[in-house]
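Thanks for coming. Please have a look at it first.

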Amino acid sequence: MHQVFSPYINSSPALHFHYITHIRLISSLFMLSRNHLSLINSLLQRMGPLGVFFFLLFTILSASSEGGTIGVNYGRVANNLPSPASTVQLLKTNNITHVKIFDANSDVLKALAGSGIHVTVMMPNQLLQTTASNPSFAAMWVQNNVAAYYPSTKIQAVAVGNEVFADPTNLTSYLLPAMINVQAALAKLNLDKAIKVSSPIALTALQSSYPPSAGAFRPDLAMPVMKPMLQFLRKTGSYLMVNAYPFFAYEANSNDISLDYALSNPNAGVLDSGSGLTYYSLLDAQIDAVAYAMSALKYDDVLISISETGWPSEGDANEIGANVMNAAAYAGNLINRVLAGTCGTPKRPHCNMDMYLFALFNENQKPGPTSERNYGMFYPNEQKVYDVNFVLGNGNSSSTGNNNGNNNSTGSGSGNGTPETWCVADPTAGQQMLQMALDFACGEGGADCTAIQPGAACYEPNTIEAHASYAFNSYYQKNGRGLWTCDFGGIAHVVSQAPKIGKCTLPSST
């Protein structure tokens with residue numbers, strides 16, 4: 001059983017202030033992000049020395065992970081979108097620093113020039129055969145669609161095709177040769193170090209994905225395609241792009257998959273009996289299934305980038321879970337994870353993944369079910385579909401009071417003009433981080449943790465994640481719901497629906 005309290009830390013005020021005096025030096029040594037520094041400065045002003053000491057240690061521990069970035073997919077299958085120039089301004093206003101487009105549109109790339117936004121361009125599937133067979137065509141395409149805009153437009157990657165293995169025109173055999181020719185064209189222009197080449201794969205490339213430790217590529221892809229492709233990525237220092245959508249798995253298996261698990265909300269977790277690892281996020285499970293498939297081919301060192309993931313805000317009657325509330329929870333949880341530096345997975349715990357949300361806009365001309373036209377975070381008029389922010393601790397709120405129906409309820413607060421909010425733990429943060437924060441909250445932090453003692457009302461489920469959420473929320477409510485009181489080194493976040501953990505509903509006041 002985990003321990004709720006740790007021994008009291010005895011140290012003098014002088015020692016505490018010694019740590020405070022050197023906090024910026026230590027932060028720089030560990031290359032902390034601007035978000036972490038801002039939070040630490042806030043703590044310096046508002047917390048006592050013990051609190052500062054605790055959070056400093058906490059941030060140093062988390063700083064050892066390599067940080068990922070969060071971006072968006074900018075699709076344009078619509079006839080009512082704002083101009084590229086207006087879209088770039090929208091990106092900048094919302095602190096979106098990375099974008100992936102599905103072509104190399106000249107107007108878009110020109111609009112992005114000088115913006116500082118990092119860009120991934122894409123070679124359409126229909127060009128793969130020509131690119132694979134004709135190095136001169138590859139060189140011309142790179143010159144006209146990449147070199148012509150770089151470096152004013154900060155192109156950082158070329159996606160060669162998209163979900164090629166799922167393309168009905170059977171382009172698989174052309175993929176790797178096309179990637180090689182694009183890479184060679186970049187090398188001739190001395191751009192191969194700055195601009196990486198990859199290709200997004202869908203989860204349909206897997207023969208098996210459950211449990212994650214059983215992840216394996218399809219036999220027709222594993223040795224003939226994936227192994228040489230991974231070798232190419234290793235050799236060029238690139239990464240495997242993966243499109244992963246927990247929504248699809250939940251929609252098809254809503255009787256077996258918890259909605260909280262699909263949304264990465266606090267949940268009891270799912271044990272992978274093959275690895276002994278516990279998963280609290282379906283997205284993590286999906287990505288680790290790919291990681292295990294890569295491991296089977298001996299390519300553990302190749303990084304993974306989540307090139308597409310998202311949740312629709314509206315769907316048809318049979319598209320279970322497609323609504324605004326769930327879309328907001330999914331996006332908010334993902335953004336908070338990446339910005340807080342806790343975006344690693346159980347198999348790959350270090351935060352080294354870039355993640356691109358799908359999508360920037362609702363696109364009214366996309367074919368298929370209603371959900372396909374409602375993945376956007378913004379309407380074409382640039383208004384938000386739901387509240388989401390790309391700055392840590394600036395309003396992203398997940399929802400544990402989720403809705404598996406298809407209405408567009410957003411689940412507001414108390415209705416009295418001051419919405420109620422709660423603080424919950426990020427279950428993906430790791431046992432050591434959560435235990436340290438739990439000890440602080442129940443000890444020096446002064447949270448009321450009597451309800452999570454053995455035999456008490458909220459002791460079950462007896463997991464560190466559940467107990468941490470209770471303690472974090474008590475600390476948050478006790479301190480007036482200040483933003484700085486629900487961070488705990490980046491492993492906690494605010495939610496706008498009353499969390500229920502087991503049979504225990506977290507209180508909204510103390």
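What volume does the largest pocket have? Keep in mind that this is a predicted model. The figure for the largest pocket is about 1,200 Å³. The elements that give two or more residues to its lining are α11 (246-252), β10 (270-271) and α13 (282-296). Of these, α13 gives the most, with four residues. In total, 43 residues line the largest pocket, and E163, N243, A244, Y245 and F248 are the ones nearest its centre. By type, the lining of the largest pocket comprises 24 nonpolar residues, ten polar and nine charged.

Second stop: helix α14. Helix α14 covers residues 324-340, which is 17 residues. From first C-alpha to last, α14 reaches 24 Å, close to the 24 Å expected at 1.5 Å a residue. Is α14 mostly covered or mostly exposed? Mostly covered: 17 of its 17 residues are buried. Now the two ends. At the start of α14, N323 places a side-chain oxygen within 3.2 Å of the backbone nitrogen of M325. After α14 comes G341, with a positive phi near 80°.

Where is S371 found? S371 sits in the loop between β13 (355-358) and β14 (422-425). Why do we call S371 buried? Because its relative accessible area is 2%, and the cut-off for buried is under 20%. Setting aside neighbours within four places in sequence, the contacts of S371 are P312, E314, G315 and E319.

That's the tour.

Terms used
Residues numbered from 1 in each chain as written. Predicted model: local features only at pLDDT ≥ 70, side-chain atom pairs only at ≥ 80, totals over all residues. Heavy atoms only, no water. Buried < 20%, exposed > 50% of the residue type's maximum accessible area, 1.4 Å probe, protein only. Contact = heavy atoms within 4.5 Å. 1 Å grid on protein atoms, 1.4 Å probe; cavity = no way out; pocket = protein on both sides within 12 Å on 5 of 7 lines; lining within 4 Å. Points joined across faces, edges and corners; volume = space filled by probe spheres on them. Nonpolar A, V, L, I, M, F, W, Y, C, P; charged D, E, K, R; others polar. Expected span 1.5 Å × (residues − 1). Polar contact = N/O pair within 3.5 Å; in protein donor to acceptor, adjacent residues only side chain to side chain.
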